[in-house]
Amino acid sequence: MALAAPNIPNPSELSRAIQDIENLDAMRSGLASSLEGRTEEPTLQTMQEVCRPVGMRARQLSQENGWQVKQIAKKYRNPAHAPDNLQSRIALARFEQNPELVGFWDRETIDGQSGTRYYRRINVEASCLACHGLKENRPQFVKDNYPQDLAYNFHVGDLRGMYAVFIPDDVKQAIQDAVNPSS
Ligand code: HEC
């Protein structure tokens, strides 16, 4: 994605966030395709090791950087990943209408803090269908653990959702608050 010099308070934080999200997305694709190539029946353990580690790494990135790193989807599996504000709904619609759009950022205020929010699309790959394909083909652990699941019946190339990284303008304060929430 072309990175025009953005007119925002912390452009270097933004480019770091963009890189971290590329790495996070590559991690999921790698985990999903390693599952696909396996000949033996995947165990519960290996099945759980695709998208949950992505969520854990997102939380870690938030804590380390003072950002708010999320995954957001209209058809979500984990209800924590539902659209969280009007802008995120608009962002999902933008990705849906523009299949070539990989990412963009805008200025937002979240929890009273102004900042920059970076959005990056997530597409469905063939390796995702083992768990996000036909409803009746979902692994048992998904059926058991996600009774409200909406994240199935996808096809290759569909928009699965997006990453959203909010970088507060006062990112140093945000790190302090994360380390010491009472202060
Ligand atoms: C082995 C099963 C499995 C595979 C394969 C898999 N996922 Fe998931 N996916 C899950 C589970 C389980 C969750 C819910 C994780 C949680 O509770 O945070 C999830 C959640 C997600 C989410 C977060 C939004 C939501 O719905 O909660 C995204 C985005 C996502 N998956 C995309 C993908 C993509 C893209 C691929 C392929 C590259 C993929 N998944 C492959 C099981 C899988």
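These notebook entries record what I looked up in the predicted model of this protein and its ligand.

**Ground rules.** I worked on a predicted model, in which local features need pLDDT of at least 70 and side-chain atom pairs count only at pLDDT 80 or more, while totals for chains, interfaces and linings use all residues. Residues are numbered from 1 along each chain as its sequence is written, and side-chain values use heavy atoms, with hydrogens and water left out.

**Fold and overall form.** I found seven helices and four strands, taken as DSSP runs numbered from the N terminus (H or I, at least four residues, for helices; E, at least two, for strands). Along the sequence they follow the pattern α-α-α-β-α-β-β-α-α-β-α. The C-alpha atoms fill a box of roughly 50 × 40 × 25 Å along the principal axes.

**Around the ligand.** I counted 22 residues surrounding the ligand, the closest being Cys51, Cys128, Cys131, His132 and Arg160; a residue is near when one of its heavy atoms lies within 4 Å. This shell has twelve nonpolar, six polar and four charged residues (Ala, Val, Leu, Ile, Met, Phe, Trp, Tyr, Cys and Pro count as nonpolar, Asp, Glu, Lys and Arg as charged, and the others, Gly among them, as polar). Two or more shell residues come from each of α1 (11-36), β3 (113-123) and α5 (129-132), with α1 giving the largest share, three residues.

**Largest pocket.** The ligand takes up the space of the largest pocket, as more than half of its atoms lie within 2 Å of the grid points. A pocket here is an open set of points on a 1 Å grid over the protein atoms alone, where a 1.4 Å probe fits, with protein on both sides within 12 Å along at least five of seven lines; lining residues have an atom within 4 Å of a point. I read a volume of about 880 Å³, this being the space filled by probe spheres set on the points. Of the 42 lining residues, Arg28, Cys51, Arg52, Gln71 and His81 lie nearest the centre. The lining divides into 21 nonpolar, eleven polar and ten charged residues.

**Second largest pocket.** Here I noted about 200 Å³ of space, with Gly66, Trp67, Ile110 and Phe166 among the lining residues. β4 and α7 (171-179) each give two or more residues to this lining, and α7 gives the most, three.
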